[in-house]
Amino acid sequence: MVKPRVIETGEGIQDELTVEAYDIMQRHLRDRGWIETDQIIKSGIDKGVVLEIGPGPGFIGLEWPKKTEGTKLNGLEISPTMIETAEKNAREYGVEARAKYVKGDAVKMPFENDFFDGVFSNGSLHEWSQPERVFDEVFRVLKSGGTYFISDMRRNMSPFMKWFMKLVTKPKEMQSGLKSSINASYTVEEIKSILATTSLKEHEVKKLMMGFVVTGAKNLH
Ligand SMILES: C[S@@+](CC[C@H](N)C(=O)[O-])C[C@H]1O[C@@H](n2cnc3c(N)ncnc32)[C@H](O)[C@@H]1O
């Protein structure tokens with residue numbers, strides 16, 4: 001039996017010290033080559049103007065303009081402190097002219113219909129207060145044929161994977177946040193039943209060792 005979800009936050013990560021610790025943690029993962037931007041590119045999100053939902057300090061998204069040509073990244077982030085950090089990191093990557101961050105809640109995106117060539121997000125879904133509304137927004141802001149890639153952890157990952165994630169989570173003060181994020185995350189079955197109620201009809205949910213990824217395209221058929 002999987003334990004019920006424990007809701008973590010509807011406001012994102014706001015506290016300055018936590019943002020700083022999160023930045024250090026993601027930097028550490030990036031330096032070990034454990035940031036999965038290549039999977040996003042392989043899924044077909046490799047050109048044009050793209051939206052990242054909940055970029056946090058930005059590393060996953062910032063690897064994207066570095067590895068693609070002539071592209072533009074828009075990050076939609078609910079936390080102003082995270083935006084400041086992501087902007088600083090964009091300058092560090094030298095891609096500040098191609099990476100723009102906007103404050104907002106993904107349940108009501110401040111973008112026009114049919115605007116983006118692709119949408120991606122990692123590790124943010126478990127924090128969305130109404131994921132079904134965010135999925136509908138992803139559909140709305142994507143151009144016809146545009147693709148999406150939404151990945152997150154899953155709460156029923158194996159005890160070994162939980163132990164392993166805790167082991168590699170540095171600095172140590174991020175470990176309690178990791179636990180609450182896992183407890184707030186969805187199972188594949190839960191996310192499939194949420195997706196079934198949304199406009200993202202042509203999706204695929206792939207189970208991964210630590211989580212899952214939702215991929216698909218708007219109006220392919
Ligand atoms: C756990 S962090 C993940 C950051 C980054 N994507 C990564 O993989 O390291 C989740 C991020 O999503 C943001 N977030 C949470 N809910 C959001 C929402 N409704 N709209 C926009 N951003 C949101 C948080 O503020 C936080 O920066």
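This is a predicted model: local features need pLDDT of at least 70, side-chain atom pairs count only at pLDDT 80 or more; totals for chains, interfaces and linings use all residues.

Student: OK, and what does the D38 side chain meet in a salt bridge?

Tutor: That's K67, with 2.9 Å from N to O. K67 sits in helix α3 and D38 in helix α2 (residues 37–42), so the pair ties together parts that are 29 residues apart in sequence. K67 is partly exposed too, at 38% relative accessibility.

Student: How many salt bridges does the structure hold?

Tutor: Twelve. One of them joins D23 and K88, whose closest N and O atoms are 3.9 Å apart. Here D23 belongs to helix α1 (residues 16–31) and K88 to helix α4 (residues 80–93), so parts 65 residues apart in sequence get tied together.

Student: Is D23 buried or exposed?

Tutor: Buried, with a relative accessible area of 9%. K88, at 38%, counts as partly exposed.

Student: Switching topic: what's the strand order in the sheet?

Tutor: The sheet is open, has seven strands and runs β3-β2-β1-β4-β5-β7-β6, with mixed pairing. At the edges are β3 (99–103) and β6 (203–207), each pairing on one side only.

Student: And in which sense do β5 and β7 pair?

Tutor: Antiparallel, over seven bridges. D152 stands opposite F212 in β7.

Student: Back to α3 then. Which strands does it lie across?

Tutor: Helix α3 (residues 59–67) lies across β1, β2, β3 and β4, and runs at about 170° to β2.

Notes. Residues are numbered from 1 along each chain as its sequence is written. Side-chain values use heavy atoms; hydrogens and water are left out. Two strands pair if DSSP finds at least two bridges between them. Helices (H or I, at least four residues) and strands (E, at least two) are DSSP runs, numbered from the N terminus. Contact means heavy atoms within 4.5 Å. Axes are lines fitted to C-alpha atoms, for helices over the stretch in contact, and angles run from 0 to 180 degrees between N-to-C directions. A salt bridge is a side-chain nitrogen of Lys or Arg within 4 Å of a carboxyl oxygen of Asp or Glu. Buried means under 20% relative accessible area, exposed over 50%, partly exposed in between (1.4 Å probe, protein chains only).
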